[in-house]
Amino acid sequence: MSTITLQVPEKIELDARDTIKFLAAKLYESGRLSLGQAAEIAGLSKIAFAEILCDYNVSLINYPVSDIQQDAARI
């Protein structure tokens, strides 16, 4: 596993654990990570990670609109 260092000015108070969970949630939302990968980065089980997604306005169901349209066209 690689390490990324993020330098944040001291006047911006960020909680490191919350920031990691936020980044994992947003990477999951964008489709860059699977649920399992994002959960691993966040240091949570898949179930626990799925439960916190709403804290970051991220839907557990990550189904692209284009896929929905293709499925609807087949009906």
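Trainee: What percentage of the 75 residues of the chain count as buried?

Mentor: Before the value, a word on the source: this is a predicted model, where local features need pLDDT of at least 70, side-chain atom pairs count only at pLDDT 80 or more, and totals for chains, interfaces and linings use all residues. Residues are numbered from 1 along each chain as its sequence is written, and side-chain values use heavy atoms, with hydrogens and water left out. Buried means under 20% relative accessible area, exposed over 50%, and partly exposed in between, with a 1.4 Å probe and protein chains only. By that rule, the buried share of the 75 residues is 17%.

Trainee: In what order do the elements of the chain run from the N terminus on?

Mentor: Helices (H or I, at least four residues) and strands (E, at least two) are DSSP runs, numbered from the N terminus. The chain has four helices and zero strands. The order from the N terminus on is therefore α-α-α-α.

Trainee: Is the chain more spread out or less spread out than a compact globule?

Mentor: The C-alpha trace spans about 55 × 25 × 25 Å along its principal axes. The radius of gyration is taken over C-alpha atoms, and the globule rule is 2.2 Å times the number of residues to the power 0.38. For 75 residues the rule gives 11 Å, and the chain's radius of gyration of 15 Å is well over that, so compared with a compact globule the chain is more spread out.

Trainee: Which residues is Leu 33 in contact with, leaving aside its neighbours within four places in sequence?

Mentor: Contact means heavy atoms within 4.5 Å. Leu 33 belongs to the largest nonpolar core. With those neighbours set aside, its contacts are Ala 24, Leu 27, Tyr 28, Ala 38 and Ile 41.

Trainee: Does Arg 17 count as buried, partly exposed or exposed?

Mentor: Arg 17 sits in helix α1. Leaving aside neighbours within four places in sequence, Arg 17 is in contact with Ala 42 and Gly 43. Its relative accessibility is 40%, so Arg 17 counts as partly exposed.

Trainee: How far apart in space are Glu 40 and Ala 24, C-alpha to C-alpha?

Mentor: Glu 40 lies in helix α2 and is exposed, with a relative accessible area of 53%. Glu 40 and Ala 24 are 16 residues apart in sequence. In space, their C-alpha to C-alpha distance is 8.8 Å.

Trainee: What is the phi of Asn 57?

Mentor: Asn 57 is in the loop between α3 and α4 (65-74). With a relative accessible area of 67%, Asn 57 is exposed. Although Asn 57 is not a glycine, its phi is positive, at about 55°.

Trainee: Is Ile 61 buried or exposed?

Mentor: Ile 61 is found in the loop between α3 and α4. Ile 61 and Glu 29 are 32 residues apart in sequence and 9.1 Å apart in space, C-alpha to C-alpha. The relative accessible area of Ile 61 is 68%, so this residue is exposed.

Methods. Core = buried A, V, L, I, M, F, W, Y, C linked by side-chain atoms within 4.5 Å.
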